[in-house]
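Biologist: I have a model here and would like to go through its labels with you. Shall we take them one by one?

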Amino acid sequence: MTDPTLFSTDAHRPLADRMRPRTLDDFLGQEHILGEGRPLREAILRGEVSSIVLWGPPGSGKTTLAYLIAANAAKHFEPFSAVTEGVPRVRQIIAEAEDRQRLEGRGTILFCDEIHRFNKAQQDAFLRWVERGVVTLIGATTQNPSFELTSALLSRLQVYVLQPLTDDHVREIVHRAIGEMGKVKRETGDEIEVSREALDAIVKFASGDARQALNALEALLAYVRSNPSLFTFHISPSDVESVLSRRLPQYDKAGEFHYNLISALHKAVRGSDVEGALYWLARMIVGGEDPLYIVRRMVRMAAEDIGLADPRALSIALAAKEAFHFLGSPEGELALAEAAIYLATAPKSNRVYQAWSEALNAAQEHPAEPVPLHIRNAPTGLMKDLGYGKGYRYDHAEEEGLAAGQEHLPEAVRGAKWYEPTDRGYEKTVGERMVWWEGVKLRARKGPRER
């Protein structure tokens, strides 16, 4: 059963709104949750969808899917936006839903767009009514529900993840819109045709966002109508830029995009992928990320993933920070690119990171081990009387500059070997030095007659 009021054919409404699919068969994309036999598809067709959250990028079909769920359910549909409405409106909807359930025996679907805009206290307003079944809540969000929704609300909702539409999906949606509108004519009667070039340019501009594609088509058709010199709709990608405002990249400096992209940059550097490191760095810069945040993470990469395999990596990352401070944007961004390339191509070792982690674990397991008396400082007479510093051997006064056999660890962790260098880059030299020092210790223990 389809409620005709759910879909508008008002020609004055935006094309994207008029082109919403009216059936699941017309819905493009999201086959992983809406394909034949998938549980969500079957639940929609039966009109038995429980409270859910639709999480996906803009233009992936969240609102349309909510309308389709409502169109297949024998329930009242109440759209609601967390951007423009608040808890008082929620309470009013709940009161009306209770009356409807009591008087008509009919349930209510409450569609909350941008549900992540509600704070935790506002989200709690849904809990009781969702739990009692007074409303079936369908939330839509572009933000990771793990970060943006309270655990109490999240535990009562099934999360469905929507993916960006493919270029083929977007192309088909634009084709449908052109067919729906019919051939567009000017006042002179000249037909306007949408060329393959124009279509490809729209698809590229949309970046998987159906709404952006349809808005772009609408804007470009208006542009052609207003230009008598254009008899066919042949435009290049540069023409698209001249007609449409430049599409801002999807990025959220406080949400999942922020964490996903810095993770991608870190892993590209760790994987010695120069192009990957440059691409994700550029994505973050273009998205408006604070360059100093990025370079702080680069310093971490130098210490964690390169370490002593190339000690210069840490200096390069710190120099990039100073250069950006000195130059600012956009000139200073080149220093970040230089650092990204250097880090990606540097030999890799996480042995310093591992050694530090093991040392931290040892310190946490043995937090109160006393410092051995012989390596304690003794600035007062009382401390000397108590044995502080007694028996300490001054390394520079020993043969080969080493007091062999002198212990520096407490008894509980004595003999630990936390740092094991690789044979990559400069760390190979570090390993050779460690072997040399072990030889010095061995010779010192044997004494002059045994050497």
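Biologist: At what angle do helix H5 and helix H6 pack, and how far apart are their axes?

Modeller: Keep in mind that this is a predicted model. Helix H5 (residues 87-104) packs against helix H6 (residues 120-132) at an angle of about 10°, and their axes are 10 Å apart.

Biologist: Why is H5 called roughly parallel to H6?

Modeller: Angles under 35 degrees count as roughly parallel. The pair has an angle of about 10°, and that makes H5 roughly parallel to H6.

Biologist: Which residues make the contact, and what are their classes?

Modeller: H5 brings Val87, Val90, Ile94 and Glu98, while H6 brings Gln122, Ala125, Phe126, Trp129 and Arg132. By class, the contact of H5 with H6 has 6 nonpolar, 1 polar and 2 charged residues.

Biologist: On to another pair. What makes H14 and H17 roughly antiparallel?

Modeller: Here the cut-off is over 145 degrees. H14 and H17 pack at an angle of about 150°, with axes 9 Å apart, and are therefore roughly antiparallel to each other.

Biologist: Is their crossing left-handed or right-handed?

Modeller: H14 and H17 cross in the right-handed sense.

Biologist: Which residues meet there?

Modeller: From H14 come Val274, Ala277, Leu278, Leu281 and Ile285; from H17 come Glu333, Leu336, Ala337, Ala340, Ile341, Ala344 and Thr345. The contact of H14 with H17 divides into 10 nonpolar residues, 1 polar and 1 charged.

Biologist: What is in the largest nonpolar core?

Modeller: That core has 30 residues, and those with the most contacts inside it are Leu265, Leu281, Ile294, Met298 and Leu343. Helices H13 (256-270), H14 (274-286), H15 (291-306), H16 (312-327) and H17 (333-345) each supply at least two of its residues. H15 gives the largest share, 8 residues.

Biologist: How do you know that Met298 is in contact with residues beyond its neighbours in sequence?

Modeller: The test is heavy atoms within 4.5 Å. Leaving aside neighbours within four places in sequence, Met298 is in contact with Leu281, Ala317, Leu336, Ala339, Ala340 and Leu343.

Biologist: What other core lies apart from that one?

Modeller: Another core, of 24 residues, lies apart from it and includes Leu34, Leu65, Ala70 and Phe77. In soluble globular proteins, nonpolar side chains tend to be buried together.

Biologist: And how many helices and strands does the chain have?

Modeller: There are 20 helices and 7 strands. Of the 451 residues in the chain, 41% are buried.

Methods
Residues numbered from 1 in each chain as written. Predicted model: local features only at pLDDT ≥ 70, side-chain atom pairs only at ≥ 80, totals over all residues. Heavy atoms only, no water. Core = buried A, V, L, I, M, F, W, Y, C linked by side-chain atoms within 4.5 Å. Buried < 20%, exposed > 50% of the residue type's maximum accessible area, 1.4 Å probe, protein only. Helix = DSSP H or I, 4+ residues; strand = E, 2+ residues; numbered from the N terminus. Axes fitted to C-alpha atoms, helices over the stretch in contact; angles between N-to-C directions. Parallel < 35°, antiparallel > 145°, perpendicular 65-115°, else oblique. Left-handed = near helix turned anticlockwise from the far one by under 90°. Nonpolar A, V, L, I, M, F, W, Y, C, P; charged D, E, K, R; others polar.
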